[in-house]
Amino acid sequence: MGSLARYIALRAALIVPSVLILYTIVFVVLRVIPGDPVLAVLGTKSVPPEELERIRERLGLDKPLYQQYIEYLMGVLRLDFGESMVYTGRPVWNDIADRFPATLELAVFGFLASVVLGLASGVAAVKGRGPIRALANFYAVTGYTLFIPWIGLILIYVFAVNPILPFRLPVGGRISPEVGLREVTGLYIVDSIITGNIPALIDVLAHLVLPSVTLGIVLGSAYARLVRSHLREVLASEIVAGYRARGIPEILLLRHALRNTMVPIVTYMGLQFAILLGGAVLTETTFSWPGLGTLLLERIELRDYTAIQGVVIFFAFMIGLVSLVVDVIYALLDPRIRY
Amino acid sequence: MAKQAILARPGGLMVTAGLSIILFYVALAVLAPILAPYGPTEVSVPKELAGRPQPPSPEHPFGTNELGYDVLSRIVWGSRVVVQVVALSAVLSMAVGVPLGLVSGYYGGPVDRVLSLVMDSVYAFPGILLAIAVASVLGPSVGNAAISLMVVYVPTYFRMVRARVLELKARPLMESLWTAGLPDHWIILKHILPNVAPTILVVFGLASADAILTEAGLSFFGLVVVYPEADWGLDLYYGKNWLLSGAWWLTLFPGLAITSFAAGFALLGEGLARMMGEERWS
Amino acid sequence: MAQKFNARLAIAAAVVLIIILAAGFYLFAGQGGEQAAQAPTVVIGVTDSVTELDPATSYDFFTWEVLSNVMAGLVTYDPDTGEIVGDLATGWEAREGGKVWVFTLRPDAKFADGTPCTAQDVVRSIKRVMTIGGDPSWLVTEFVEDVRAIDDYTVEFRLKQPVGYFLAVVATIPYHPVHPNYPDNEPAPDATWGGCGPYKISEFKRGEYIVLEPNPYYYGEKPKNGKVIIKFYESSQALRAALEAGDIDVAWRTLNPADIRDLQDRGYNVKEAPGLFIRYIVVKVDAPPTDRKEVRQALAAAIDRQELADRVFQGTMEPLYSMVPSGLWAHYPAFKDKYGEGANIDLAVQLLRSVGYDENNKLKVELWYTPTHYGDTEAQLAAVIKEQWEATGLIEVTLKSSEWGQYVEQLSQGQFMLSLLGWYPDYLDPDNFLTPFLLSTANTWTGTGYVNPQVDELLQQAMTETDQETRAQLYKQVQEILAEDVPYIPLLQGKLYVVLGPNVVNVEISPLQFLIYSSIEVTG
């Protein structure tokens, strides 16, 4: 266990340089792009130039770049992500705290949808017949090439605008304010459960359906491939051949085989997390989802330096953390791994 | 290996299908002036109809958009943008990622560590966000879009090549090459590169499929070409404004073009991987 | 280990599926659940979002709208006549030729918690705007030297110089008094204490929604609804889909022209109101080839505004022939008088030939636009303008674009030969449509490089003049010079559209273009 602890510490230490690298890239990129937060908000108003200068000074934009770089970094070490440069006086951390639960909730449900879809089509690709099998195989290989805004729009059209089901699904946002959910964690599912607000729970879930299914369809194909290849491998193995010879029903064999695909699925989750966050940007845009992705896009347009830096650092940190957790789970699940 | 056997080999069907799709779109791009029924910004309906999108008809199989431009023609012309960006970005990413991966993996040491760390950090970050950031620095153009995609995909090539090099280095053959005192560059070029080449080909297929989607994302946000130049992602972006008004043809066809072209590369990559017997699961 | 995980995952997936199905049945059967019995709630959808709930720092149209419904100012605009009338102030007086303004306040104004709103609150709030120095603070500091409370119900402003239109400036949000809880020197971007207007803020969820309830102590007419919920959407499509799905009662700004027209076709009640938003092209006058007046005039002559309005905006905008929009008192359509109504190709060709351009030596121009800031129709607008100019046969247009953050910097540095821009007034006066563009000390931000001492003098004169007739004459002269010199080509003027759900009976829009929430009436 001592070696495992050391491994965890080492992996954790590696998060620092990668966060630093991304911060540096973003810092440089932001200062190279023409335009600044003051102009982005006030540039087409007849604000006197000396007033613009005064606001720049207040935001610290007149300081030398290295100083801005270091000061922000020092702030982050104290967990202070600075104040927004366009929304005066509002800490960036508040924005992140507002938006992250939304992104997390979408990511978790998108992940669940993708696993469910992936499992189903992975099994169908191996055990299905005729067109179903072909379709499942085709999906496994090409599913991820569906362009998220496109498939999202199609789902909106089919399930909300001209609904083929007897009810309409909500097309945007996380919740209807009418349900009166008291916020505790910001994760609305959790909040509605702990406050015992059943209408809110149902409302929140209904809002989650289309965005998570969109993400699930696009990301599920990776799991389909995963399940498919492992199933094939296991079902073709000698052990299974032996079971089969002993007359064990096929459904039990399938269960046995599926169990074995769980380890790679967990591992893949770690890799998928970044893709999930990236996919979430497009999904969030399509479904008015108030998450970190839309926040980032919105602030890039306004050149809100501190907010963009903060969100990127937070992203990088979360990605590092998730891959750390996954690596540790993996090390625990698979004793053959030695570090 | 016999020519007719390609379809019979594992993954052969996929490679064939993938290549046909890719060649189809490349042909569209090259022959656009001949194939496209109208110019990309030609007002091809009577002026009084311009202002509302017109549904598909014999003269306009894919309909027209609100300015009266023919959708089919714009898809044909738009293929030029995607093909150029994806080809250019693949060449650039390979040109940077492959040599770096070879050298880094072969020599190891602190340079390798630092490079790997940088590449891993970039790789872990959501590609579309990175591409958007870089593209908005550079401004919209085909060349700049290719550079933004390069930033995203260099780490992909680097990591795969480096991993393969490490595998090869562990082989007993290497030991004998080193004891024979052969120069490093000779070993890399004559022994390692040929063995890495198939991996590069697979990565090319899969990364390009992904690159098409990232390109579409960039152009969806207006970062590849300037309207009214024809471009699938941009047409989809503007077309979506009409979807709820019933003009589905403005969304359906550009979206299909993006997805099918990307699927072509996905089939190619997957098929190649299968041919080499290293079925991919991630 | 793996086995357990598998089982748990399967259970979780099953639970999720069941809940999703249950949600479906719930929505099918319940359609929104029980309706409140008290005064009905109105749900408004917008694609904007509230930035900072603080008059000292917010400087965007939509946040101002929300604040205008939550706070009351000294004066306001009468929605019917468009005239400035008292709100918190019952009377006012300009002294020393418009350099000193004294307002008398009503005694019965109260904040939403019952605290009385006095002259001290007005003074403190305005001083607060000056101290914090946020984005809109120039609206105070440009004009006001000092402000003080003479007694509990009298406020005196001392201005830096006489300003004839000071009432229009006082009507802006930074002059609205805020609750004593707002800290003196610090901005409060998430504050919900509000002011003494018709509503109070009962809940604000940034990026998602804001909920307003009537201020029980409001002195004016009670709102016609019991509660207002405003939901923020990401796009026009999402907003429209929400209306069609019945999630919202009112779809407000900003719907795409395509959606407005289509909803109208589908039988939705679409309320239209004149807007004061203008679109125009900035022309760089201090670099070739647009430094020649004939070239600028030719470009102006070749524009067909009606076609732009119809083909790009589906008729949701109107042709505009001056920088001052029609509907505002000094409007004079100078470009129509000079160049005619449609595209005057003959005149354009003649002007271009007079300065040496022909088929083999075409005028080459660059037109810049920014793809998202002015909505999704911008690229199409640029494309059609290009078509129109090229229809002369003597012009070759290259379209270029850059996204907003960059566009603004390039603009102010004068990097654009021709660029598309838009303008919302800060305050309702012709001055605000002319001075920022034409006064040589105020127009540097547009990068046009236009300097004309005669115009400068006319504008200065009009600013300090208090007689409206005289001012209108001065502004007419300015607009004539504008059409002659063409540092800007006015294109279009916006109209406002509110699309109403089937249960909405009445909606009103204020002359400042804000939706008046208290006017919205719904049936059960």
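This is a predicted model: local features need pLDDT of at least 70, side-chain atom pairs count only at pLDDT 80 or more; totals for chains, interfaces and linings use all residues.
1. The C-alpha trace of chain A spans about 85 × 55 × 40 Å along its principal axes.

2. Of the 339 residues in chain A, 51% are buried. As for how the chain meets itself, if one takes the contacts in chain A with a separation of 6 or more, residues 24 or more positions apart account for 73% of them.

3. One helix pair in chain A deserves a careful look. Two packed helices are described by the angle between their axes and the distance between the axes. For helix α5 of chain A (residues 92-127) and helix α9 of chain A (residues 198-235), the angle is about 40 degrees and the axes are 4 Å apart. Angles under 35 degrees would count as roughly parallel and those from 65 to 115 as roughly perpendicular, and α5(A) and α9(A) are therefore oblique to each other. Their crossing is right-handed, and the residues of the contact between α5(A) and α9(A) divide into 22 nonpolar, eight polar and two charged.

4. Chain C has both kinds of element, with 16 helices and 19 strands. The radius of gyration of chain C is 26 Å, close to the 24 Å that the globule rule gives for 524 residues, so chain C is as compact as a globular protein of that length. Taken along the principal axes, the box that the C-alpha atoms of chain C fill is roughly 80 × 70 × 50 Å.

5. Buried residues make up 55% of the 524 residues in chain C. Among the contacts in chain C that join residues at least 6 apart in sequence, 69% are between residues at least 24 apart.

6. How many of the ten residues of helix α2 of chain C are buried? This helix, residues 61-70, is mostly covered, with nine of its ten residues buried, namely C:F62, C:T63, C:W64, C:E65, C:V66, C:L67, C:S68, C:N69 and C:V70. What covers these buried residues includes strands β1 (41-46), β8 (199-205), β9 and β19 (515-522) of chain C.

7. Turning to the contacts between chains, 59 residues of chain C are in contact with 53 residues of chain A. On the side of chain C that touches chain A, two or more residues come from each of α1 (2-30), β9 (209-214), β10 (227-232), α6 (236-244) and α13 (404-412) of chain C. Among these elements α1(C) gives the most, with 14 residues. By residue type, this side of chain C divides into 31 nonpolar, 15 polar and 13 charged residues.

8. Chain B also meets chain A, with 36 residues of chain B in contact with 36 residues of chain A. The helices α4 (109-124), α5 (127-138), α8 (184-220) and α10 (249-275) of chain B each supply at least two residues of the side of chain B that touches chain A. Which helix supplies the largest share of that side? The largest share, nine residues, comes from α10(B). The residues of this side of chain B divide into 24 nonpolar, eight polar and four charged.

Notes. Residues are numbered from 1 along each chain as its sequence is written. Chains are lettered from A and ligands numbered from 1 in the order in which they are written. Two residues are in contact if their C-beta atoms, placed from the backbone, lie within 7 Å. Ala, Val, Leu, Ile, Met, Phe, Trp, Tyr, Cys and Pro count as nonpolar, Asp, Glu, Lys and Arg as charged, and the others, Gly among them, as polar. The radius of gyration is taken over C-alpha atoms; the globule rule is 2.2 Å times the number of residues to the power 0.38. A residue is buried if 20 or more other C-beta atoms lie within 10 Å of its own, exposed if 12 or fewer, and partly exposed in between; C-beta atoms are placed from the backbone. Axes are lines fitted to C-alpha atoms, for helices over the stretch in contact, and angles run from 0 to 180 degrees between N-to-C directions. Angles under 35 degrees count as roughly parallel, over 145 as roughly antiparallel, 65 to 115 as roughly perpendicular and the rest as oblique. A crossing is left-handed if the near helix is turned anticlockwise from the far one by less than a right angle, and right-handed if clockwise.
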